[in-house]
Amino acid sequence: MSIKYLVTIEDFAEGHYLKNFRKKYNKSFDIPWKAFLLLLEKFDLLLKRSGTNAISDKDGKIVICKSEFKILPNESAKSSGNRCIIVQDKEKMEVRILLVYCKHDIQGGNETVWWSNIIKNNYLEYKNLL
């Protein structure tokens with residue numbers, strides 16, 4: 001049996017790259033995105049799926065994770081290049097979406113350095129977890 005988490009999308013994630021996804025995929029975006037959000041509600045199951053990795057200490061009460069997701073039915077989550085940085089708060093039973101991006105959004109040569117800097121600069125409460 002899986003625990004159900006409350007899922008929220010942070011304003012930063014909504015205001016930056018997530019709006020680009022909505023523009024790019026238009027009407028094709030809503031249903032796959034809602035399906036992904038339902039998966040996030042069952043976060044413990046999502047962690048067992050390939051393409052979702054705990055970045056910070058997975059035994060901690062707050063864990064930062066990176067997950068892949070797809071929008072189009074004929075692509076894989078990995079090949080889509082769509083990524084989501086998530087924080088799981090095990091005590092509050094919350095999952096917060098911090099950043100949603102596509103590999104085309106990455107500036108510089110290293111994906112991990114790029115998104116880590118964004119998280120550190122915009123979510124000071126998680127700075128020490130990275």
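**View 1. Trp33 and its ring partners.** Trp33 is buried, with a relative accessible area of 3%, in this predicted model. The ring of Trp33 meets that of Phe69 edge-to-face, because the two planes stand at 65° with the ring centres 5.4 Å apart. Trp33 belongs to helix α2, while Phe69 sits in the loop between β3 (62–68) and α4 (77–80), so this pair ties together parts that are 36 residues apart in sequence. Phe69, like Trp33, is buried.

View 2. The structure holds twelve aromatic pairs. One of them joins Phe29 and Trp33 in a stacked arrangement, 5.6 Å centre to centre with 20° between the planes. Phe29 is buried, and its relative accessible area is 0%. Phe29 and Trp33 are also members of one aromatic cluster, together with Phe21, Tyr25, Phe36 and Phe69.

**View 3. Helix α1 along its length.** Helix α1 covers residues 11–25, which makes 15 residues. At 1.5 Å a residue the helix should span 21 Å, and the distance of 20 Å between its end C-alpha atoms agrees with this. At Leu18 the helix α1 bends by about 45°. After α1 comes Asn26, which has a positive phi, near 50°.

**View 4. The buried residues of helix α1.** Phe12, Ala13, Tyr17, Leu18, Phe21 and Tyr25 are the buried residues of α1. In an α-helix there are 3.6 residues a turn, so residues three or four places apart point the same way.

View 5. Asp105 is placed in the loop between β5 and α5. Its relative accessibility is 18%, and Asp105 therefore counts as buried, the cut-off being under 20%. Leaving aside residues up to four places away in sequence, Asp105 touches Tyr17, Asn20 and Trp114. Asp105 and Tyr17 are 88 residues apart in sequence, but their C-alpha atoms are 7.9 Å apart in space.

Notes: Residues numbered from 1 in each chain as written. Predicted model: local features only at pLDDT ≥ 70, side-chain atom pairs only at ≥ 80, totals over all residues. Heavy atoms only, no water. Helix = DSSP H or I, 4+ residues; strand = E, 2+ residues; numbered from the N terminus. Expected span 1.5 Å × (residues − 1). Bend = angle between axes of the 7 residues up to and from the residue. Buried < 20%, exposed > 50% of the residue type's maximum accessible area, 1.4 Å probe, protein only. Contact = heavy atoms within 4.5 Å. Phe/Tyr/Trp six-rings, centres within 6.5 Å; stacked < 30°, edge-to-face > 60°.
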